[in-house]
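Here is a short briefing on how one protein chain packs together. Have a look at the sequence and the model first, and then we can go through the cores and the helix contacts.

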Amino acid sequence: MTIRLLLVDDDPLVRAGLTFMLGGADDIEIVGEAADGADVPALVRETAPDVVLMDIRMPRVDGLTATERLRARPGAPEVVVLTTFHADEQVLRALRAGAAGFVLKDTSPAEIVESVRRVAAGDPVLSPAVTRRLIAHVADRAAENTRQATAAGRLAELGEREREVALAVGRGLTNAEIAATLYMSVPTAKTHVSRILARLGLNNRVQIALLVHDAGLLDERGDG
């Protein structure tokens, strides 16, 4: 299946480079380009992309605001944010808005192509270790305690099996790995993930992982 991709970056040279990188992949079709987040809604309606590769820093509407607006709409495409930072509060904001991950602008072409493919397939492009670093980078202790209590309360709404699956997602396991670890079928694992998303009102697996990290549950299991 061909992945329909929309590029959003205010630098024409960056867009040209990304077009060169991604256009060579047989399974990726670049359906549009935008130079500002303000142009994203109209282009999404016009081109119906599966994935939006979104720069953070743009002159009128930045990528963070554009991501928040886009992911708030039903049937929104997945978003991968582009950044020059390894750990940045802005990246965390984008993930909480519903972005499926982020890639660095100096990432190799092969990795960027693979990131687009993974996101289109429903897998985040953000490791649990990177998630923990992002949270640690922006949180002071008081804010962290408040966030932990809130996250733990939300996860308490889940049944025991759903909580086990949520923890596995937080550890970065795929559906197949969750199925093998928890002794269930892959379709059952997928069903549990879908129920968790619906019950907690989350957009994707990245937000499940963030919630698990916020609640400090991985530390309880010795992950890290």
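A nonpolar core here is a set of buried Ala, Val, Leu, Ile, Met, Phe, Trp, Tyr and Cys residues joined through side-chain atoms within 4.5 Å. Buried means under 20% relative accessible area, exposed over 50%, and partly exposed in between (1.4 Å probe, protein chains only). The model is predicted: local features need pLDDT of at least 70 and side-chain atom pairs count only at pLDDT 80 or more, while totals for chains, interfaces and linings use all residues. Residues are numbered from 1 along each chain as its sequence is written, and side-chain values use heavy atoms, with hydrogens and water left out.

**Overall picture**
- The protein has 12 helices and 5 strands, taken as DSSP runs (helices H or I, at least four residues; strands E, at least two) and numbered from the N terminus.
- Of the 224 residues in the protein, 49% are buried.
- Among contacts (heavy atoms within 4.5 Å) with a separation of 6 or more, 67% link residues 24 or more positions apart.

**The nonpolar cores**
- The largest nonpolar core holds 25 residues, of which Leu-155, Val-165, Ile-178, Ile-208 and Val-212 touch the most other members.
- At least two residues of this core come from each of helix 7 (141-155), helix 8, helix 9 (175-182), helix 10 (186-200), helix 11 and helix 12 (217-220).
- A second, separate core has 24 residues, including Val-44, Val-81, Ala-99 and Val-206.
- Leaving aside neighbours within four places in sequence, Ile-178 is in contact with Val-165, Ala-168, Val-169, Leu-173, Tyr-183, Met-184, Ala-189 and Arg-205.

**Helix pairs**
- For the geometry, axes are lines fitted to C-alpha atoms, for helices over the stretch in contact, and angles run from 0 to 180 degrees between N-to-C directions.
- Angles under 35 degrees count as roughly parallel, over 145 as roughly antiparallel, 65 to 115 as roughly perpendicular and the rest as oblique.
- Helix 8 (residues 160-170) packs on helix 11 (residues 205-215) at about 100°, with axes 8 Å apart, so the two are roughly perpendicular.
- Helix 8 brings Ala-166, Leu-167, Val-169 and Gly-170 to this contact, and helix 11 brings Arg-205, Ile-208, Ala-209, Val-212 and His-213.
- By class, that makes 6 nonpolar, 2 polar and 1 charged residues; Ala, Val, Leu, Ile, Met, Phe, Trp, Tyr, Cys and Pro count as nonpolar, Asp, Glu, Lys and Arg as charged, and the others, Gly among them, as polar.
- Helix 9 and helix 10 pack at about 105° with their axes 8 Å apart, and are therefore roughly perpendicular too.
- In that pair, Asn-175, Ala-176, Ile-178 and Ala-179 of helix 9 meet Val-186, Ala-189, Lys-190 and Val-193 of helix 10.
- Helix 1 (residues 12-23) and helix 5 (residues 109-120) cross at roughly 75°, their axes coming within 9 Å.
- Leu-18, Met-21 and Leu-22 of helix 1 meet Pro-109, Ile-112, Val-113 and Val-116 of helix 5, a contact with 7 nonpolar, no polar and no charged residues.

**Two sides of helix 2**
- In helix 2 (residues 40-47), Val-40, Leu-43, Val-44 and Thr-47 are buried.
- These residues cover an arc of only 105° around the axis (from the directions from the helix axis to the C-beta atoms), which puts them on the same side of helix 2.
- Arg-45 and Glu-46 are exposed on the other side of helix 2.
- The buried residues of helix 2 pack against strand 1 (3-8), strand 2 (28-34), strand 3 (51-55) and helix 3 (63-71).
- Ala-48 follows helix 2 and has a positive phi, near 50°.
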